[in-house]
Amino acid sequence: YIVPRNEPMFCKEPSKTTALGEITPHLTEVAEELESEREELKTLIRTTADNNSTLLHISQFSSISKIPEDLGYCTKLVSLTINNNFNLTSLPHTLAQCSLIEHLNLAYNRLHVFPVEICQLKHLITLDISNNQIPCIGRDIDALKSLEEFIVDNNFVHAFPPALTFLQRLKVFSVINNPLVRESMKTDQPQKWVAPTEENDVMGETDCTICQDTLKSATAMCVYHFVDFASNKDVPIKYSVCSDRCKQIVMDLQESEVANFSTLLY
């Protein structure tokens, strides 16, 4: 139905109006619940720190979107579970201060970025980031040299950084239900490189994976190499390269060389 040009258009009067008085009690209740959970969580963390506890379990805080910085005081933690917090989108930078952690479970939250602080937990043996919204893994993941179990199920990961292949102790590596790049996207079919932004930080690449030159949008490209790794076949490894020469190096890689990526010579 086309409204004639001279016919005025009016919004219909709503059949029922919602009074401010009806909304206010609900908002007040939500605010009170959030404040209550914040205080409960702060108390839990402080008690853990004061008692030098080695275990901490933060679960089912439905209103919490971030963990207090006080987590950094829990320096004796060996096992940390932060799961089933459906509005949790980030972790504090102070997580890195919990340097003794060996087991970290971050499953079933709402994390949309891989927490870079994880890569500073040098004693980490098991890491579960399943059932989040994480699109990529930190390029410094190779710092976790003791890692034996890595669960990435049900995220948005499409490829992994070359550093993943340094995790020589990794025995369990699960990537179920991720939109991984398939073998059809071979290295002879490069994709255009997109400069990382806050909204689209693919793996934080600003330098060429091969020669370390700064990537430029005009010439840079992304290529993939597929490796059998930790009982998984055709794991996509992503390289951001600055030129055809660096692209050719990736194309010439053998799986044995990928496992020893640090020995590659440009």
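Reader: Hello! In what order do the six strands of the open sheet run?
Author: A quick note first: this is a predicted model, in which local features need pLDDT of at least 70 and side-chain atom pairs count only at pLDDT 80 or more, while totals for chains, interfaces and linings use all residues. Residues are numbered from 1 along each chain as its sequence is written, and side-chain values use heavy atoms, with hydrogens and water left out. Helices (H or I, at least four residues) and strands (E, at least two) are DSSP runs numbered from the N terminus, and two strands pair if DSSP finds at least two bridges between them. The pairing here is parallel, and the order is 1-2-3-4-5-6.

Reader: Which are the edge strands?
Author: An edge strand pairs on one side only. The two that do so are strand 1 (55–59) and strand 6 (172–174).

Reader: How many bridges join strand 1 and strand 2?
Author: These two strands pair in the parallel sense. Within strand 2, asparagine 83 is the residue opposite serine 59. The number of bridges between strand 1 and strand 2 is five.

Reader: In strand 3, what is the bridge partner of serine 79?
Author: Strand 3 (residues 103–105) runs parallel to strand 2, and three bridges pair them. The partner of serine 79 in strand 3 is histidine 103.

Reader: Which residues have the most contacts inside the largest nonpolar core?
Author: A nonpolar core is a set of buried Ala, Val, Leu, Ile, Met, Phe, Trp, Tyr and Cys residues joined through side-chain atoms within 4.5 Å. The largest one has 63 residues, and the elements that give two or more residues to it include helix 1 (20–50), strand 1 and helix 2. The residues with the most contacts inside this core are Phe150, Phe160, Leu164 and Phe173.

Reader: What do the buried residues of helix 2 pack against?
Author: Helix 2 (residues 244–251) has Cys246, Lys247, Ile249 and Val250 as its buried residues. Down the helix axis they fall within an arc of 155° (taken from the directions from the helix axis to the C-beta atoms), so they line one face of the helix. On the other side, Asp244 and Arg245 are exposed. The buried residues pack against strand 8 (221–229) and strand 9 (232–241).

Reader: How many disulfides does a search of the whole structure find?
Author: A disulfide is a pair of cysteine sulfur atoms within 2.5 Å. Cysteine 119 is buried at a relative accessible area of 8%, and cysteine 136 is buried at 11%. Across the whole structure, the number of disulfides found is zero.

Key:
Buried < 20%, exposed > 50% of the residue type's maximum accessible area, 1.4 Å probe, protein only. Contact = heavy atoms within 4.5 Å.
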